[in-house]
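The sequence and the structure are shown first, and a description of selected features follows.

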Amino acid sequence: MATLNKAFWNLFKPVTGTKRFTLEDLRDLYGVLARNPVVTAENRAVVVETIRSIAEYMIWGDQNEPRIFDFFLENNIMVYLQKILMQPANRTGEVAKQVLQTLSIIIQNVRSETAIFFLFSNNHINNIVDLDFDFQDDEVLGYYISFLKTISLKLNRGTVQFFINAGKDRKSFPLYTRAIRLAHNREGMVRAAVRTLTLHVYSVVDADIQNFVTSLPASQHFTEVAVYLAQQVQLLDSRLSAAECGGSQALASLDSQLAEVEDVISYVSDLLSLGVPRIAQLLASSLWQHVIQPLLLKPLMDPTAAAAAAPAKPLQQPGHRRASSGSSMLSAGGLPSSAGHFRCPSWGNGPTEPLSAKPPGPARIRPVCAIFVLERLFHLVMYPPLLQQLLLALTCAASNSSHSTSGSSSSNSNSSSFASCRSTLLGILTISQVYP
């Protein structure tokens, strides 16, 4: 992680000193590239250093000599950089890192509309974005996601034409589709960068973009966000159980998981607040289907589900501190602790660990975790249709559940009670239709 952070923060390290760059020197560097069209073990160091020097020229020329950037555009160095990356061996290691860094610097320093159009034309950028790099190398991953993020900052209604390609069967949008593949990466910095990028994409008021992101297969991303949140909530429940057993490692793991759940809910809130109805509808529907109804409401409305979610009692061991069944505790981060006895779970080692590591069985969490996540949703989310439906579910379903378990009311009475509660709440909320 430290290596990835270093790669990210050094991406746009400024050129220091009083060195003067000349157009003649840039021509010499271009000649070096022209004489080395194929990167081999013998010339790799020369090519990497030449590309690094060109990046320095771009920074210096942007501030001191406009002709340097003009030379870059006129000689179309982008073609050479793309050809280098078309060689699979160059998508890892120093070559990949230097090319991606140079491209990011060049794109960041583009100012004029003419230069922007020249840079993004001919599909060179899209072709590079769509290549498979070695993402097992943390530094390559860092430079790549920063490259995508830099490109996204140039995305607007005027440049959309360079990023969405019209294919034979369907349109393609490599910048977006490649980014969302990394949406749930193991590295938190990568996940944060993808969220920033997607929010910027969604905020562009353009029919082609909105149609692309809300149509299959790209719209599946909203379902994946909901499924990912469901996974993180289940991991949070297990971390809470482990933290109740004590230990600094368990508490640190709980803090990390709390932060991840908070980040995902904040991202969800941002998506729902964009003012793009179709995106909000797709995401809210997925949240209801994969998170709210099965995970958050079921433990509160169905006593049997809540009991099934409670961890088993451990065998008594010397020195084991038992929690009073009537006590109320607060764990790290202010999350209320569940009462009673439990067996401390040993699985789950990271905020993005796949749920396949969990014991088999249907997904369920304890009421204490469900209440915490619901509180965060009510606190962070400002999307009325979803909040109104949550309120209806929590109040009317609870009322209906109490009647159905009393044994003294008929099914008709239950239905009437539920309908009356629903009608009253709808009147208070002054809405004619609820979500979903």
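Helix α6 (residues 93–108) packs with helix α9 (residues 138–152) at an angle of about 20 degrees, and their axes are 9 Å apart. Helices here are DSSP runs (H or I, at least four residues), as strands are (E, at least two), and both are numbered from the N terminus. The axes are lines fitted to C-alpha atoms, for helices over the stretch in contact, with angles from 0 to 180 degrees between N-to-C directions. The angle makes α6 roughly parallel to α9; angles under 35 degrees count as roughly parallel, over 145 as roughly antiparallel, 65 to 115 as roughly perpendicular and the rest as oblique. The crossing of α6 and α9 is left-handed, a term used if the near helix is turned anticlockwise from the far one by less than a right angle, with right-handed used if clockwise. Residues of α6 in the contact include Gly-93, Leu-100 and Ile-107, and those of α9 include Val-140, Tyr-144 and Ile-151. Contact means heavy atoms within 4.5 Å.

The model is predicted: local features need pLDDT of at least 70 and side-chain atom pairs count only at pLDDT 80 or more, while totals for chains, interfaces and linings use all residues. Residues are numbered from 1 along each chain as its sequence is written, and side-chain values use heavy atoms, with hydrogens and water left out.

**Aromatic pairs**

A search of the whole structure finds ten aromatic pairs. Rings of Phe, Tyr and Trp (its six-membered ring) pair if their centres lie within 6.5 Å; planes under 30 degrees apart count as stacked, over 60 as edge-to-face and the rest as tilted. Two of these pairs are set out below.

| Pair | Centre to centre | Angle between planes | Arrangement |
|---|---|---|---|
| Tyr-30 and Phe-71 | 5.9 Å | 90 degrees | edge-to-face |
| Phe-173 and Tyr-176 | 5.9 Å | 25 degrees | stacked |

Tyr-30 lies in helix α2 (residues 23–35) and Phe-71 in helix α4 (residues 66–74), so their pair ties together parts that are 41 residues apart in sequence. Tyr-30 is partly exposed, with a relative accessible area of 27%, whereas Phe-71 counts as buried at 9%. Buried means under 20% relative accessible area, exposed over 50% and partly exposed in between (1.4 Å probe, protein chains only).

Phe-173 and Tyr-176 are both buried.

Another ring has a charged neighbour: Arg-195 lies over the face of Tyr-267, at 5.9 Å from the ring centre. A charge sits over a ring if NZ of Lys or CZ of Arg is within 6 Å of the ring centre and within 35 degrees of the ring normal.

**Backbone features in loops**

The loop between α7 (113–120) and α8 (124–129) holds Asn-122, and Asn-123 is found in the loop between α7 and α8 as well. Asn-122 has a positive phi of about 65 degrees although it is not a glycine, and phi of Asn-123 is near 65 degrees. Asn-122 is exposed, with a relative accessible area of 55%, whereas Asn-123 is partly exposed at 26%.

A cis peptide bond, with omega about 5 degrees, joins Leu-216 and Pro-217. Pro-217 is found in the loop between α12 (207–213) and α13 (220–244).

Phe-372 is found in helix α17 (residues 367–380) and is buried, with a relative accessible area of 13%. Its C-alpha atom is separated by 9.3 Å from that of Leu-296, 76 residues apart along the chain.
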